[in-house]
Amino acid sequence: MKKVYDWETNRIEFDDKDGNIYNLQLRGNVNIVVGDSASGKTLLCNKIMNIARDKNIVARKYSADGMFVVNEDNVDKLKENNHTLILIDRAEQILDDDLVDYINRDISNRYLIFTRKSLGIEITPNHVAEMREHDREFRLTSVSSPDSSIHEAAAEVQAGANPHRQGWS
(Lines give C-alpha, C1' and ligand atoms only; values in the text may rest on other atoms or scores of the structure.)
Protein backbone atom coordinates (compact mmCIF):
# COMPACT_ATOMS: atom_id res chain seq x y z
CA MET A 1 0.00 0.00 0.00
CA LYS A 2 1.43 3.36 -1.04
CA LYS A 3 1.34 6.40 1.25
CA VAL A 4 -0.52 9.41 -0.13
CA TYR A 5 2.06 11.76 1.42
CA ASP A 6 5.81 11.25 1.39
CA TRP A 7 7.56 13.19 4.16
CA GLU A 8 10.99 12.95 2.50
CA THR A 9 9.90 14.43 -0.83
CA ASN A 10 7.17 16.63 0.71
CA ARG A 11 4.75 15.46 -1.98
CA ILE A 12 1.12 14.35 -2.06
CA GLU A 13 0.57 11.87 -4.86
CA PHE A 14 -2.39 9.59 -5.57
CA ASP A 15 -5.22 8.97 -8.02
CA ASP A 16 -8.87 8.27 -7.35
CA LYS A 17 -11.57 6.03 -8.80
CA ASP A 18 -12.91 8.98 -10.85
CA GLY A 19 -9.65 9.23 -12.80
CA ASN A 20 -8.37 12.33 -11.02
CA ILE A 21 -4.64 12.54 -10.30
CA TYR A 22 -3.31 14.54 -7.35
CA ASN A 23 0.33 15.50 -7.74
CA LEU A 24 1.11 18.26 -5.25
CA GLN A 25 4.68 19.31 -4.51
CA LEU A 26 4.75 21.21 -1.22
CA ARG A 27 7.37 23.76 -0.21
CA GLY A 28 8.78 23.90 3.29
CA ASN A 29 6.73 23.32 6.42
CA VAL A 30 3.76 25.60 5.75
CA ASN A 31 1.89 25.93 2.47
CA ILE A 32 -1.22 28.03 1.99
CA VAL A 33 -3.57 27.32 -0.89
CA VAL A 34 -5.95 30.00 -2.08
CA GLY A 35 -8.32 29.88 -5.00
CA ASP A 36 -11.77 30.01 -6.41
CA SER A 37 -14.63 27.82 -5.29
CA ALA A 38 -14.71 24.42 -6.98
CA SER A 39 -10.95 24.42 -7.64
CA GLY A 40 -10.47 21.12 -5.78
CA LYS A 41 -9.36 22.23 -2.31
CA THR A 42 -12.20 20.66 -0.32
CA LEU A 43 -12.31 17.71 -2.72
CA LEU A 44 -8.67 16.93 -1.89
CA CYS A 45 -9.35 17.03 1.86
CA ASN A 46 -12.42 14.83 1.49
CA LYS A 47 -10.52 12.27 -0.60
CA ILE A 48 -7.77 12.06 2.02
CA MET A 49 -10.32 11.76 4.86
CA ASN A 50 -11.98 8.91 2.94
CA ILE A 51 -8.65 7.16 2.50
CA ALA A 52 -7.92 7.58 6.22
CA ARG A 53 -11.35 6.23 7.16
CA ASP A 54 -11.12 3.36 4.66
CA LYS A 55 -14.51 4.25 3.14
CA ASN A 56 -13.34 4.62 -0.43
CA ILE A 57 -12.15 1.99 -2.89
CA VAL A 58 -9.00 4.07 -3.27
CA ALA A 59 -8.23 3.26 0.37
CA ARG A 60 -7.26 -0.25 -0.64
CA LYS A 61 -4.53 1.22 -2.78
CA TYR A 62 -3.30 4.08 -0.56
CA SER A 63 -2.60 4.91 3.06
CA ALA A 64 -3.10 8.31 4.70
CA ASP A 65 -0.57 7.49 7.43
CA GLY A 66 1.30 10.59 8.53
CA MET A 67 -1.60 12.89 7.61
CA PHE A 68 -4.27 14.57 9.72
CA VAL A 69 -7.23 16.47 8.23
CA VAL A 70 -8.51 19.11 10.62
CA ASN A 71 -12.19 19.95 10.76
CA GLU A 72 -14.49 21.57 13.31
CA ASP A 73 -15.00 18.21 15.07
CA ASN A 74 -11.33 17.43 15.69
CA VAL A 75 -9.56 20.82 15.78
CA ASP A 76 -8.84 20.25 19.49
CA LYS A 77 -6.53 17.36 18.47
CA LEU A 78 -4.32 19.46 16.16
CA LYS A 79 -1.63 19.94 18.82
CA GLU A 80 -1.42 16.17 19.48
CA ASN A 81 0.33 15.49 16.15
CA ASN A 82 4.04 15.01 15.56
CA HIS A 83 5.87 14.49 12.24
CA THR A 84 2.52 14.82 10.45
CA LEU A 85 1.20 16.68 7.42
CA ILE A 86 -1.80 18.57 8.78
CA LEU A 87 -4.42 19.68 6.24
CA ILE A 88 -6.81 22.45 7.23
CA ASP A 89 -9.68 23.27 4.88
CA ARG A 90 -11.59 26.53 5.38
CA ALA A 91 -8.98 27.60 7.89
CA GLU A 92 -10.52 31.04 8.30
CA GLN A 93 -13.52 29.31 9.92
CA ILE A 94 -11.54 26.84 12.06
CA LEU A 95 -8.35 28.49 13.33
CA ASP A 96 -8.31 30.94 16.20
CA ASP A 97 -5.40 33.20 17.23
CA ASP A 98 -4.02 30.56 19.62
CA LEU A 99 -3.84 27.90 16.88
CA VAL A 100 -2.32 30.36 14.37
CA ASP A 101 0.37 31.16 16.95
CA TYR A 102 0.93 27.43 17.52
CA ILE A 103 1.33 26.80 13.77
CA ASN A 104 3.79 29.68 13.49
CA ARG A 105 5.97 28.10 16.22
CA ASP A 106 5.53 24.43 15.31
CA ILE A 107 8.60 22.90 13.66
CA SER A 108 7.67 19.23 14.13
CA ASN A 109 4.74 19.15 11.68
CA ARG A 110 3.97 20.38 8.20
CA TYR A 111 0.82 22.19 7.14
CA LEU A 112 -1.28 22.47 4.01
CA ILE A 113 -3.77 25.23 4.76
CA PHE A 114 -6.71 26.18 2.54
CA THR A 115 -8.07 29.67 3.20
CA ARG A 116 -9.67 32.69 1.59
CA LYS A 117 -8.22 35.40 3.82
CA SER A 118 -5.19 36.40 5.84
CA LEU A 119 -4.75 34.50 9.08
CA GLY A 120 -1.38 35.76 10.31
CA ILE A 121 0.40 32.56 9.27
CA GLU A 122 4.09 33.33 8.78
CA ILE A 123 5.12 32.32 5.26
CA THR A 124 7.13 33.56 2.31
CA PRO A 125 5.40 34.35 -1.00
CA ASN A 126 6.58 31.15 -2.70
CA HIS A 127 4.72 29.09 -0.07
CA VAL A 128 1.35 30.43 -1.27
CA ALA A 129 -0.18 28.53 -4.16
CA GLU A 130 -3.41 27.93 -5.98
CA MET A 131 -4.86 24.53 -6.83
CA ARG A 132 -5.04 24.04 -10.60
CA GLU A 133 -6.60 21.21 -12.58
CA HIS A 134 -5.70 20.32 -16.13
CA ASP A 135 -6.80 17.10 -17.81
CA ARG A 136 -7.95 15.70 -14.44
CA GLU A 137 -4.55 16.30 -12.83
CA PHE A 138 -4.46 18.58 -9.80
CA ARG A 139 -1.27 20.51 -9.03
CA LEU A 140 -0.22 23.49 -6.97
CA THR A 141 0.97 26.58 -8.82
CA SER A 142 2.91 29.16 -6.84
CA VAL A 143 1.13 32.51 -6.87
CA SER A 144 4.46 34.13 -7.66
CA SER A 145 4.39 32.17 -10.94
CA PRO A 146 3.39 34.03 -14.10
CA ASP A 147 0.71 31.34 -14.57
CA SER A 148 -1.09 32.33 -11.40
CA SER A 149 -4.36 34.21 -11.78
CA ILE A 150 -4.88 35.16 -8.14
CA HIS A 151 -2.16 37.62 -7.18
CA GLU A 152 -4.58 39.85 -5.20
CA ALA A 153 -5.91 36.99 -3.05
CA ALA A 154 -2.38 35.78 -2.43
CA ALA A 155 -1.22 39.22 -1.36
CA GLU A 156 -4.05 39.29 1.18
CA VAL A 157 -3.04 35.90 2.60
CA GLN A 158 0.64 36.86 2.76
CA ALA A 159 -0.03 39.94 4.89
CA GLY A 160 2.19 39.82 7.95
CA ALA A 161 4.42 37.00 6.70
CA ASN A 162 7.75 36.55 8.48
CA PRO A 163 10.62 35.33 6.26
CA HIS A 164 12.58 34.08 9.30
CA ARG A 165 10.21 31.21 10.24
CA GLN A 166 12.08 28.15 11.43
CA GLY A 167 12.05 25.00 9.32
CA TRP A 168 11.73 26.54 5.87
CA SER A 169 13.36 24.85 2.96
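How many bridges join β3 to strand β4, and in which sense do the two run? The legends below take this up view by view.

This is a predicted model, in which local features need pLDDT of at least 70, side-chain atom pairs count only at pLDDT 80 or more, and totals for chains, interfaces and linings use all residues. Residues are numbered from 1 along each chain as its sequence is written, and side-chain values use heavy atoms, with hydrogens and water left out.

View 1. Five bridges join β3 to β4 (residues 21–25), and the strands run antiparallel. Helices (H or I, at least four residues) and strands (E, at least two) are DSSP runs, numbered from the N terminus. Two strands pair if DSSP finds at least two bridges between them. Find Glu13: Asn23 in β4 stands opposite. Five residues lie between the two strands of this hairpin. One of them, Gly19 in the turn, has a positive phi of about 90 degrees.

**View 2. The open sheet.** Nine strands make up an open sheet with mixed pairing. Their order is β2-β3-β4-β11-β10-β5-β9-β8-β7. β2 and β7 stand at the edges with a single partner strand each, so one side of each has no neighbour in the sheet. β4 pairs with β11 (residues 137–142) in the parallel sense, over two bridges. There, Ile21 stands opposite Glu137. β10 (residues 128–134) and β11 run antiparallel and are joined by six bridges. Glu133 has Phe138 of β11 as its bridge partner.

View 3. Most residues other than glycine have a negative phi. Asn10 has a phi near 60 degrees, a positive value. Look for Asn10 in the loop between β2 (5–6) and β3 (11–15). Arg90 also is not a glycine, and its phi is positive, at about 55 degrees. Arg90 sits in the loop between β8 (85–88) and α2 (91–94). Buried means under 20% relative accessible area, exposed over 50%, and partly exposed in between (1.4 Å probe, protein chains only). Asn10 is buried, with a relative accessible area of 7%. Arg90, at 44%, counts as partly exposed.

View 4. Leu78 lies in the loop between β7 (67–70) and β8. Its relative accessibility is 0%, so Leu78 counts as buried. Contact means heavy atoms within 4.5 Å. Leaving aside neighbours within four places in sequence, Leu78 is in contact with Phe68, Val70, Ile86, Ile88, Leu99, Tyr102 and Tyr111. Leu78 and Leu99 are 21 residues apart in sequence, yet 8.5 Å apart in space, C-alpha to C-alpha.

View 5. In α3, Leu99, Val100, Tyr102, Ile103 and Asn104 are buried. Their cover includes β5 (30–34), β8, α2 and β9. At the start of α3, a side-chain oxygen of Asp96 reaches to within 3.2 Å of the backbone nitrogen of Asp98. Asp106 is in the loop between α3 (97–105) and β9 (110–114). Asp106 has 5% relative accessibility, so it counts as buried. A polar contact is a pair of N or O atoms within 3.5 Å; within protein, one must be able to donate a hydrogen and the other to accept it, and residues adjacent in sequence count only if both atoms are side-chain atoms. The side chains of Asp106 and Tyr111 make such a contact, at 2.5 Å.
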